[in-house]
Amino acid sequence: MTITTAPAPASTTSAPLELFDIDRLLDDDERDIAATVRKFVDARLRPNIEGWFESATLPKELAKEFGDLGVLGMHLDGYGCAGANAISYGLACLELEAGDSGFRSFVSVQGSLSMFSIYRYGSEEQKNEWLPELAAGEAIGCFGLTEPDFGSNPAGMRTRARRDGTDWVLNGTKMWITNGNLADVATVWAQTDDGIRGFLVPTDTPGFTANAIHKKLSLRASVTSELVLDNVRLPASAQLPDARGLSAPLSCLNEARFGIVFGALGAARDSLETTIAYTRSREVFDRPLSGFQLTQEKLANMTLELGKGMLLAVHLGRIKDAEGIRPEQVSLGKMSNVRAAIEIARQARTILGANGITLEYPVIRHANNLESVLTYEGTEEIHALALGQALTGLSAYR
């Protein structure tokens, strides 16, 4: 018996997500928003990211450009915000993170933490004062929840707000705060005699200091800070009136985590597309690297994980737009897609060999950034426990 193989088809190529026909799942507005943000990233951000990452800087003027692009608080309604749906916001996050995780982090913190905390829990006066400026990028916000000794357990925070007449006086320290050194206003969470409450702290308030964190090997094109509050005196109007208990800051984190469900895939997609292009031009043993079986298997596996992550992200986005998404569903998406993205970046790096460790290619930068994404907005372990509790009804946090 003779076994014959079919002749090889004519040489054709497909972009990774084309194999999943993802565009079929999107409407015209969603595709247009993704294309607009990608064009901005390609024209304005990609040509500069290597230098910004190497010098550990993020130009403050980008805030206004992000505002002009319309991505700051784009999923909120009114107050200068676009009122886009969850999928559109997610796709914008994906395209930004395809440029660098630092860009998506800036936009995520501004829109889903700073602005959302005001939008959801602020007074009408607070919304009118801050949201239009934040949406335009004319002001920058940050979100102070994490402390040096309290990351995964924010309920244990030591930052304290006490009453002094009609004023509030805040003391404490917040750590790993994105945008801290750039911010004009900080949403700060503190213990009070009546539980955890949120406060809007203009960063020029006496006693407020933001100290930049240096020597980072991840998220270098992102400003990360320590916030110190030393007898910061605020009027009663600085309190977010509708924020009561830990559920308030956690709901803001859910908004930010949703953006990561999409965003991490941007870093993965860029790593994979870069690697596919590299394998076509790189010759090994007198033939293209793309023609080896081991290379093609790696590319196929990475494409599968990227596509599955994208299908999950779009599905969760539709749920969020339809009836609202449960926190454990966001945990599922963040855990799954960041895990997939970091593995794709690491695998892509192996194909690039020694070239993969230089900033000439984006892959090692994405891999390094994703080490932070894996940890912030809830570590993988914490999200696993959230899923475990949803499955069993039992909390294993303690």
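With a relative accessibility of 34%, Pro 132 counts as partly exposed, a class that lies between buried (under 20% relative accessible area) and exposed (over 50%), using a 1.4 Å probe and protein chains only. The model is predicted, so local features need pLDDT of at least 70 and side-chain atom pairs count only at pLDDT 80 or more, while totals for chains, interfaces and linings use all residues. Residues are numbered from 1 along each chain as its sequence is written, and side-chain values use heavy atoms, with hydrogens and water left out.

Pro 132 belongs to helix H5 (residues 124–136); helices (H or I, at least four residues) and strands (E, at least two) are DSSP runs numbered from the N terminus. Beyond its neighbours within four places in sequence, Pro 132 is in contact (heavy atoms within 4.5 Å) with Tyr 79 and Lys 127. Gly 67 is 65 residues away from Pro 132 in sequence, and their C-alpha atoms are 10.0 Å apart in space.

Turning to helix H1, this element covers residues 28–55, and its 28 residues reach 39 Å from first C-alpha to last, close to the 40 Å expected when 1.5 Å is multiplied by one less than the number of residues. At its start, a side-chain oxygen of Asp 27 comes to within 3.1 Å of the backbone nitrogen of Asp 29. Further along, H1 bends by about 50 degrees at Leu 45, with Pro 47 following within four residues; the bend is the angle between axes fitted to the seven residues ending at a residue and the seven starting there. Just after the helix, Ala 56 takes a positive phi of about 55 degrees.

The buried residues of H1 include Phe 40, Leu 45, Ile 49 and Phe 53. Together, the buried residues of H1 pack against helices H2 (62–69), H3 (86–99), H4 (101–121), H7 (293–322) and H9 (363–375). Within H9, Arg 365 is buried because its relative accessibility is 5%.

Helix H3 is mostly covered, with 14 of its 14 residues buried. Its end C-alpha atoms lie 20 Å apart, in agreement with the 20 Å that 14 residues should span at 1.5 Å a residue. In helix H4, Ser 108 is buried at a relative accessible area of 2% and touches Tyr 89, Leu 113 and Ala 256, neighbours within four places being left aside. Val 71 is 37 residues from Ser 108 in sequence and 9.2 Å away, C-alpha to C-alpha.

On the strand side, Thr 192 is found in S6 (residues 185–192) and is buried, with 6% relative accessibility. The side chain of Thr 192 reaches the backbone nitrogen of Asp 194 at 3.0 Å and the backbone oxygen of Gly 195 at 2.6 Å.

Key
A polar contact is a pair of N or O atoms within 3.5 Å; within protein, one must be able to donate a hydrogen and the other to accept it, and residues adjacent in sequence count only if both atoms are side-chain atoms.
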